[in-house]
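Good morning, colleagues. I would like to take a few minutes to present one chain, from its overall form down to individual side-chain pairs.

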Amino acid sequence: MTMRRIVVVGNGIAGLTACDSLRSNGFDGELTVVGSEPHQPYSRPALSKALLHGDDGLQSHELPAPTHEAIELLGVSAAGIDPDAKLIRLDGGDELPYDGLVIASGSRAKRLAAEPRLDGTPREIMLRTIEDAMALKQHVAGRPSVVVVGGGPLGMEVASGLLHVGCQVTLVSDADPLSRQLGDFLSGVFTSAAARRGLRVVNGGRARLIGSDGGTRVALADGNQLEADLVVSAIGDVPNIDWLAGSDLLVDGALRVDSRGRLRPDIVAAGDVAFFPTRHGLARVPLWTSAIDQAKTAAAGLLRGDAAPELDFQPYFWTEGFGLSLKSVGFTPVAGMPDYQESGGEMDSMLLHWENADGSGTAAAINYRIPIPKLRRLANAGPAALRPAAPAKL
């Protein structure tokens, strides 16, 4: 199958990596990227990790300028697809033909409130885009009281940043913060550090927004209500698959790819939008490095088919907050106490390893300086990977 025109829908890190990987795999034809945001690709994780720390004007989100020489249609969204005719319909009414297609349309933030107030102002603030980050930074300039709903990595990072700028912050979570993502041990480390910094954590079950147009309150499943000047929602994301409705690409409402990122020979998908095979089954893994790994695999799968390497995914995750920096390699959440723990000599500095029930390993470093390749060796080979190799026998 000869491909002279490839379209990439999505201009986030998955779309950018797909474009670069297509070129590095030898594609020299017409490459078009469709991006719903009017910006060049940027680092989305930097928005929550750095937006409220320092006065850098959010330069930390910037990525190097693209070198893939694609035709860029920015501020334009895909509105539909005809896979048989190999056409993408754009929201302005235009049609875009393709020989090969990369679906990297990402995801959007979930909302607690379906509708804004009558005056048009939002009942809650989300953090997904540059515009969201700038709006949040402006809202907290006066140090309002804030309720953050969501105890995952995004909610905890936002709560840490809000405390840093002097806000009074309450975090609402229907489970111990970070426990679903990391497990009870690491959750406890972060929750203790957060409490020392002044974070109030409320576990009251699922939350909803109520209130008049004069303000917003957070109502919890246990009957309690919380009031604050500002509500920030960090309750997860939803894949951007609406534009694929009516096609045969969705299975039970989800975009499911094979181990080479393929939906069919001429269509691949990567990033937050896609479910893909892992050692723990089919999963959607909305992580920065996951999107990069998937996009590299999908680009090769589109051009080389069965000759392309399969994706053997090993998660890499990092988060920062409350004076802690965590990097982990391997599947999480981890169960129980670590089987190996080494102190880095400073408060909260730890190197950790878990042997998982399936025989795999997970390694984590908290405020501990260790190169990522060495952290991967610890995850894969256990604590033995940290010991120097025995001298060769003569």
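This is a predicted model: local features need pLDDT of at least 70, side-chain atom pairs count only at pLDDT 80 or more; totals for chains, interfaces and linings use all residues.

Residues are numbered from 1 along each chain as its sequence is written, and side-chain values use heavy atoms, with hydrogens and water left out.

First, the overall form. The chain contains 8 helices and 27 strands; these are DSSP runs numbered from the N terminus, with H or I of at least four residues for helices and E of at least two for strands. The C-alpha trace spans about 80 × 60 × 40 Å along its principal axes. Of the 394 residues, 51% count as buried, where buried means under 20% relative accessible area, exposed over 50%, and partly exposed in between, with a 1.4 Å probe and protein chains only. Among contacts with a separation of 6 or more, 62% come from residues 24 or more positions apart, a contact being heavy atoms within 4.5 Å.

Next, strand β10. Of its 5 residues, 4 are buried, so this strand is mostly covered. Strand β9, residues 145–149, runs parallel to β10 and is joined to it by 5 bridges; two strands pair if DSSP finds at least two bridges between them. Within this pairing, Val148 has Leu171 of β10 as its bridge partner. On the β11 side, 3 bridges join β10 to that strand, again in parallel, and Leu171 stands opposite Val201. Together, β9, helix α4 (residues 153–164) and β10 form a right-handed β-α-β unit. Right-handed here means that, with the strands pointing away from the viewer, the path from the first strand over the helix to the second runs clockwise.

I now turn to charged pairs. There are 15 salt bridges in the structure, each a side-chain nitrogen of Lys or Arg within 4 Å of a carboxyl oxygen of Asp or Glu. Asp174 takes part in a salt bridge with Arg180 at 2.8 Å, N to O, and in another with Arg206 at 4.0 Å. The Asp174–Arg206 pair links distant parts of the chain, 32 residues apart: Asp174 is in the loop between β10 and α5, and Arg206 in the loop between β11 and β12. Asp174 is partly exposed at 34%, whereas Arg180 is exposed at 52% and Arg206 is exposed at 66%.

How far apart in sequence are the parts that Arg284 and Asp237 tie together? Their side chains meet in a salt bridge at 2.8 Å. Arg284 lies in the loop between β22 and α7 and Asp237 in strand β16, so the parts are 47 residues apart. Asp237 is buried, at 15% relative accessibility.

Finally, the cysteines. The search of the whole structure finds 0 disulfides, a disulfide being a pair of cysteine sulfur atoms within 2.5 Å. Cys19 is buried at 0% relative accessible area, and Cys167 is buried at 5%.
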